[in-house]
Amino acid sequence: MWPLGREATTGDPATHRFGLNDRASWWDDPPVRPGRGPHKIGWPIFAVAFVLPFLIPATRGLVVDSGPLWVRILLGVLVYSYCACYAVFPVVFGKPRRVKLWFGGVMLVLGLACALATDANPYVLLYATATLAFLFPAAWSVIFNGTAMGLLVLVLWLRGDLSEHVSDVITVVSVTSAMFFMSNLIRAIRRLELANKEIATLAVASERERVARDLHDLLGHSLTTITVKSGLARRVLESSGDIGRAVQEIREVEGLSRSALSDVRATVTEYRGADEVQADLDSR
């Protein structure tokens, strides 16, 4: 959906690093074209609608809570910081991987704290795990989200609340897994796009080499012969003034030139015919 990485270039060892079966692709994302990814302005509007089911009851609970004011303020900062991370995460898509890892780690910690410290439903952690599934490469997503889910289960078990929330935890794991596979499907599509670009580039380079070989084969011998005969005609005129022999050599030069020109035209016509056939196939 919104993968980000480094553009592969033909002839560079990095060209094949985004293959579908390449292990290295688990640790790095393929590049994304400019303008692709979550909208930096439109996304926060949708994010507010997504977090309201959690934010409204959490805010109401903090207001009516009879606990110390400083604790409620701290929890309020925690909750709103977590929601803010969800709203602004598209901003970090263009940042270096280190920045994204720090952002994702902080967001996961805030999500775990909101789910545990405020006695909220484990569903709250979905905002972070779903975000990281798209923000991180596959391997980093598994590491971060797997660690967060393990810590959530451990704390719930230590508190004796695991049996009460086991269905919620299963749902969170299922939705996170679905987001993970969706994000990797999008990455696979992006890798196919890169592969198509690379194939097109290689095809153009191969065609240029073929044209160069054909022209060399067609014109190399003819131009060499023309050069020799032209030099011979010049020397004949300079040395003996034998106009008849010089004219004969020039006639042969003219014949060779016409023959070479005819060969080039035939070759170009063949290329154009192949291009027209390919264009017709592409239009179908």
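Colleague: What should I keep in mind about numbering and confidence?

Modeller: Residues are numbered from 1 along each chain as its sequence is written, and side-chain values use heavy atoms, with hydrogens and water left out. This is a predicted model, in which local features need pLDDT of at least 70 and side-chain atom pairs count only at pLDDT 80 or more, while totals for chains, interfaces and linings use all residues.

Colleague: OK, how many helices and strands does the protein chain have?

Modeller: The protein chain has seven helices and zero strands, where helices (H or I, at least four residues) and strands (E, at least two) are DSSP runs numbered from the N terminus. Of its 284 residues, 33% count as buried, meaning under 20% relative accessible area, with exposed being over 50% and partly exposed in between (1.4 Å probe, protein chains only).

Colleague: And which residues have the most contacts inside the largest nonpolar core?

Modeller: Those are F54, Y82 and L152, in a core of 42 residues; a nonpolar core here is a set of buried Ala, Val, Leu, Ile, Met, Phe, Trp, Tyr and Cys residues joined through side-chain atoms within 4.5 Å. The elements giving two or more residues to this core are α1 (42–64), α2 (69–88), α3 (97–117), α4 (126–135), α5 (138–159) and α6 (162–239), and α3 gives the most, with nine residues.

Colleague: Which residues of α1 are buried?

Modeller: In α1, the buried residues are W43, A47, V51, F54, L55, A58 and L62, and they pack against α2, α3 and α4, with contact meaning heavy atoms within 4.5 Å.

Colleague: Where does α1 kink?

Modeller: There is a kink of about 55° at L52, shortly before the proline P53, the bend at a residue being the angle between axes fitted to the seven residues ending there and the seven starting there. α6 has a kink too, of about 35° and centred on L219. α6 has 78 residues and reaches 109 Å from its first C-alpha to its last, close to the 116 Å expected at 1.5 Å a residue; the expected span is 1.5 Å times one less than the number of residues.

Colleague: Switching to aromatics, how many pairs are there?

Modeller: The structure holds seven aromatic pairs, counted when rings of Phe, Tyr and Trp (its six-membered ring) have centres within 6.5 Å; planes under 30 degrees apart count as stacked, over 60 as edge-to-face and the rest as tilted. F136 and F144 form an edge-to-face pair, 5.0 Å centre to centre with 75° between the planes. Separately, F54, Y82, Y86, F89 and Y127 form one aromatic cluster.

Colleague: What does F103 touch?

Modeller: Leaving out residues up to four places away in sequence, F103 touches C85, V88, F89, V92 and L135. F103 lies in helix α3 and is buried, with a relative accessible area of 14%.
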